[in-house]
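Work through the exercises below with the model open. Each task is followed by its solution.

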Amino acid sequence: MISSVVTYVKSFWDYHGEVRLEQDLAISRGSAVFEAIEARGKVMFHYDDHYERLLYSARGADIRIDALPSRHVISERIKQLLQRHGHFESIVKIIVTEGYSLDDKVAAGIPNLILRILPSHKRPYRPLHLE
């Protein structure tokens, strides 16, 4: 069964939760960046803006972005996930970690990418009522 979480590690897309991230610097040192994108059906809102902000944040955290899949490839994977696991309204989380480490201090080189689809839990709109 394909999960609502997909991990991209060393040029491999893991749809079945086989990848282990215990030695990833996101776990041991909190070294990661993320973006959360609202989606309705398969349509993500302002994907390009979120993607650019993600890259900007990754550069600021000294995370290598040259080893990540392209903007288009990531977008297509997200659309596949939304088609299989999306809700009427979803939140798409794109997480980029610094990657695995042998000493829990320095990344071994290649960042990891995690895509996650969550249901959107919006509060019902209640207009302000003054007495």
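**Exercise 1.** Find the distance, N to O, at which the side chains of Glu35 and Arg53 meet, and name the elements they link.

*Solution.* The model is predicted. Step one: in this model, the side chains of Glu35 and Arg53 form a salt bridge, at 3.1 Å from N to O. Glu35 sits in strand S3 and Arg53 in helix H2, 18 residues apart, and the pair links distant parts of the chain. Step three: check exposure. Buried means under 20% relative accessible area. Glu35 has 9%, so Glu35 is buried. Arg53 has 40% and is partly exposed.

**Exercise 2.** Which residue forms a salt bridge with Arg71, and which network of salt bridges includes Arg71?

*Solution.* Start with the partner. Asp48 forms the salt bridge with Arg71, and their closest N and O atoms are 3.3 Å apart. This pair also links distant parts of the chain: Arg71 is in helix H3, Asp48 in helix H2, 23 residues apart. Arg71 is partly exposed at 30%, and Asp48 is partly exposed at 44%. Last, the network. Asp48, Glu52 and Arg71 are linked by salt bridges. A search of the whole structure gives 6 salt bridges.

**Exercise 3.** Where do Lys79 and Glu76 lie, and how many residues apart are they?

*Solution.* Both lie in helix H3, 3 residues apart, which is about one turn of the helix. Now the general rule: an α-helix has 3.6 residues a turn, so residues three or four places apart point the same way. Then the contact itself: Lys79 and Glu76 form a salt bridge, with the closest N and O atoms 3.8 Å apart.

**Exercise 4.** Which strands pair with S1, and in what sense?

*Solution.* S1 runs antiparallel to S6, joined by 4 bridges. Here Val6 has Leu115 as its bridge partner. S1 also pairs with S2 in the antiparallel sense, over 3 bridges. There, Thr7 is partnered by Asp14. Of the 5 residues of S1, 4 are buried, so the strand is largely enclosed by the rest of the structure.

Terms used: Residues are numbered from 1 along each chain as its sequence is written. This is a predicted model: local features need pLDDT of at least 70, side-chain atom pairs count only at pLDDT 80 or more; totals for chains, interfaces and linings use all residues. Side-chain values use heavy atoms; hydrogens and water are left out. Buried means under 20% relative accessible area, exposed over 50%, partly exposed in between (1.4 Å probe, protein chains only). Helices (H or I, at least four residues) and strands (E, at least two) are DSSP runs, numbered from the N terminus. Two strands pair if DSSP finds at least two bridges between them. A salt bridge is a side-chain nitrogen of Lys or Arg within 4 Å of a carboxyl oxygen of Asp or Glu.
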